Amino acid sequence: MTTKTTGITAGFLDALAEAASAEEALRLIDGCRLRIAPGSIFSIQQNVTTGRDAAGQVLLRRFYSSEAGTFPVNGAKRKTRTPWTERLFMQGRVFVGEGEQVLARNFDDFDQMRAYGLRSVVNVPMLQGTVCYATFNVFGTRERWLPEELFGIRLLALAAARWVPAVPGLAYSFEETPCL
């Protein structure tokens, strides 16, 4: 039986282990991502929030982009406290968004996404202990993800984690309140 995760083989993992740089490793992961989720784009956003940043915000910086011409590496954006930021950064849980209404509700830059036909997302938190130091993001052009695509994307996020450093001085500026 063939599934979309068949690209994640021992050979792929061995090649990843032998990668000489983060860029090389992430290109391998990106190639596998295309086999798992054709028609998608991929990025990794580092959490670069420090104690000097405004309370109630997360500062993100793009570490990798499959579409660097449109979504450049080192591009930065601030996210306020929303159910999306709580799920990823405070709860350390995967966010799956399906459909334009869900994306519009959760992403203030949805108009830019819509221009590329993006209609779904999987955001996987990359964790060190309980701290989300980065997010592994795959945006799709279809409204719905298949279960094997979700599984494959989550496996790729785990494989990518060793190549994405946590930023020194990482801190949260959210108030210490329980999440609902």
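Mentor: There is one cavity of 30 Å³ or more in this structure (a set of points on a 1 Å grid over the protein atoms alone, where a 1.4 Å probe fits but cannot get out). The largest cavity holds about 50 Å³ of space, a volume filled by probe spheres set on grid points joined across faces, edges and corners. Its lining (residues with an atom within 4 Å of a point) consists of Ala37, Pro38, Ser40, Ser120, Gly140, Thr141, Arg142, Arg144, Trp145 and Glu149.

Keep in mind that this is a predicted model, in which local features need pLDDT of at least 70 and side-chain atom pairs 80 or more, while totals for chains, interfaces and linings use all residues. Residues are numbered from 1 along each chain as its sequence is written, and side-chain values use heavy atoms, without hydrogens or water.

Now turn to helix α2, residues 22–36. Helices here are DSSP runs of H or I with at least four residues, and strands are runs of E with at least two, numbered from the N terminus. The 15 residues of α2 reach 21 Å from first C-alpha to last, close to the 21 Å expected (1.5 Å times one less than the number of residues). Ala25, Leu26, Ile29, Asp30, Cys32, Arg33 and Ile36 of α2 are buried (under 20% relative accessible area with a 1.4 Å probe, protein chains only; exposed is over 50%, partly exposed in between). Among the elements covering them are α1 (10–17), β1 (41–47), β2 (57–65), β6 (131–140) and α6 (147–160), through contacts of heavy atoms within 4.5 Å.

Antiparallel β1 and β6 are joined by six bridges, and isoleucine 44 has phenylalanine 136 in β6 as its bridge partner.

Strand β2 contains valine 58, which is buried at 0% relative accessibility. Its C-alpha lies 7.8 Å from that of threonine 85, though they are 27 residues apart in sequence.

Finally, visit asparagine 74, in the loop between β2 and β3. Asparagine 74 is exposed, with a relative accessible area of 54%, and its phi is positive, near 75°. Most residues other than glycine have a negative phi.

Key: Pairing = 2+ DSSP bridges. 1 Å grid on protein atoms, 1.4 Å probe; cavity = no way out; pocket = protein on both sides within 12 Å on 5 of 7 lines; lining within 4 Å.
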